[in-house]
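User: I would like to go through this structure with you and ask, point by point, what the terms rest on.

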Amino acid sequence: MCGIAGLFLKSEDLRPRLGALFSPMLREMSERGPDSAGVAVYRPAAADAPCKLSLYAADPAFDWEALASELGAAFGLAVRVERIASHAVVAVEGGEPAALRAWLLAERPEVRVMSAGRRLEIYKEVGRPAEVLERFAVPQMAGTHAIGHTRMATESAVTTEGAHPFNTGDDLCLVHNGSLSNHHQVKRRLQRTAGLRFQTENDSEVAAGYLTWRLSEGAGIAEALEAALKDLDGFYTFAVGTGEGFAVLRDPIACKPAVLAETDEWVAMASEFRAIARLPGVDTAKVWEPAPGQVYSWGRA
Amino acid sequence: MGEVMTKPEALDLDRMPVRDLNRRLQAAEPGDRFEVVNPLGRHSLAVGLTRPVEVTIRGHAGYYCAGMNDGGIVTVEGNAGTGLAENMMAGRVEVAGDASQSAGASGRGGLLVIRGNAAARCGISLKGLDIVVGGAVGHNSGFMAQAGTLVVCGDAEPGIGDSIYETRIYLRGTAKGLGADCIEKEMRPEHRQHLAGLLQAAGIDADPADFRRYGSARQLYRFKVANLGSY
């Protein structure tokens, strides 16, 4: 079992309250996944905004300033770093997310790249969801959309790296409730033919990598998810974020739950309705269970 | 000259835990009426009722609402989550909106009415409960259903009646694929009469003449003495 919550704001007025609206949603899913939690938050940003990476190091005394100057020197670019609990958000003026990710994976294996892009920040940790949300001050965060996950691990170890969401390409993130059965095969194919790098043994990271590969081939997120229906085998409810979009897909057998709700102001998705029950305007929202094997998407997804 | 109807007792789930709600409902006297406010998708509301008490849930219910119901009259004004009225024995459960997966699973008796749509596996392993769905049902509804009735006013996703035993299925819309050993059967006068009674009990205005009947071909489950040597 795992819990998922996602909130995509249509109304600009709500953006300052994204974290405040989203955090209780994820907290409500604690019973579904008490062992670790993670959140992806999308900040509004211009297309030419600095490249942004969320990084994690297991060592609490890790020297983020030193890493920032090393990174700056390697690329000849200005690097700012802000430490947030066990994570750090690194902003690189004029950088390319993919190049920075590749450098970090190659040169600094003790650092995990939780996310890379221009809008996305990912924070995840082992521990109760309520504690994880507070540790990273998620309730105070502003943004356009957020996707979170509460984990009850089945396929791999309870570690920070194994927590969701997973980011494998610029501003893309995925959370997953379920388990894939052909992820080893898909992973090998992605490594061999697309040169993708993976940081964990987690099946959900493979699903994220698959979508990254499809997007790099020119697909939109809805098309990429349609293709996933054919190529990924197993149980899944996926919630997926892109820089300006949000999408949901359940496998054709639909063993894993999902509820969607929509108003003029927002779109919300969760494993169970109780996560959505206190959002403003929910009484008049359209509430429905996403059909098996059908892709739902919003924004420029 | 009817009895004076007293106002239902309000039970607010923002002020009391679900366990206390269920204790209160289970201890109620026949004919007592309740309204549950702020259900907010909480699980296991109004479960294990053994007397004809009336419970109205003002909003959406979570998983296993009205489970093991044995005589209670439970109305959900919103949607209901997974496992609605699971293993129901007697009484009546009605949902104004949609129901998630496995509604009425293993039910033995009583009436379950879902005015909206029901998701996958509605009436799975049905054992005598009657289910009337105003909308459509999801895949594998009536899977291994043994007795009772599944009435569907809308369409049925693939696999309806898969491995069915003796449950009757009445379907007004289209079956997008019958399950293994499920076949269409003749709709005789007694079936139309049976269906008319269920539609009336459910308060759903539909013409029994618009429905088709499905049931078991009895090829999958039936033990044949000629096969004894194979066991």
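User: How many helices and strands does the secondary structure of chain A come to?

Analyst: This is a predicted model, in which local features need pLDDT of at least 70, side-chain atom pairs count only at pLDDT 80 or more, and totals for chains, interfaces and linings use all residues. Residues are numbered from 1 along each chain as its sequence is written, chains are lettered from A and ligands numbered from 1 in the order in which they are written, and side-chain values use heavy atoms, with hydrogens and water left out. Chain A comes to 7 helices and 15 strands, taken as DSSP runs (H or I of at least four residues for helices, E of at least two for strands) and numbered from the N terminus.

User: What makes chain A as compact as a globular protein of that length?

Analyst: The radius of gyration, taken over C-alpha atoms, is set against the globule rule of 2.2 Å times the number of residues to the power 0.38. For 301 residues the rule gives 19 Å and chain A has 18 Å, which is close, so chain A is as compact as a globular protein of that length. Of these residues, 60% count as buried, that is, under 20% relative accessible area with a 1.4 Å probe and protein chains only, whereas exposed means over 50% and partly exposed lies in between.

User: Why does A:Arg80 count as exposed?

Analyst: The relative accessibility of A:Arg80 is 52%, and A:Arg80 therefore counts as exposed under the cut-off of over 50%. A:Arg80 lies in strand β4 (residues 79–84) of chain A and, leaving aside neighbours within four places in sequence, is in contact (heavy atoms within 4.5 Å) with A:Val89, A:Val90, A:Ala91 and A:Glu93.

User: Why are α5(A) and α6(A) called oblique to each other?

Analyst: The axes of α5 (residues 183–193) and α6 (residues 203–216) of chain A come within 9 Å and cross at roughly 40 degrees. Angles under 35 degrees count as roughly parallel, over 145 as roughly antiparallel, 65 to 115 as roughly perpendicular and the rest as oblique, and α5(A) and α6(A) are therefore oblique. The axes are lines fitted to C-alpha atoms, for helices over the stretch in contact, with angles running from 0 to 180 degrees between N-to-C directions.
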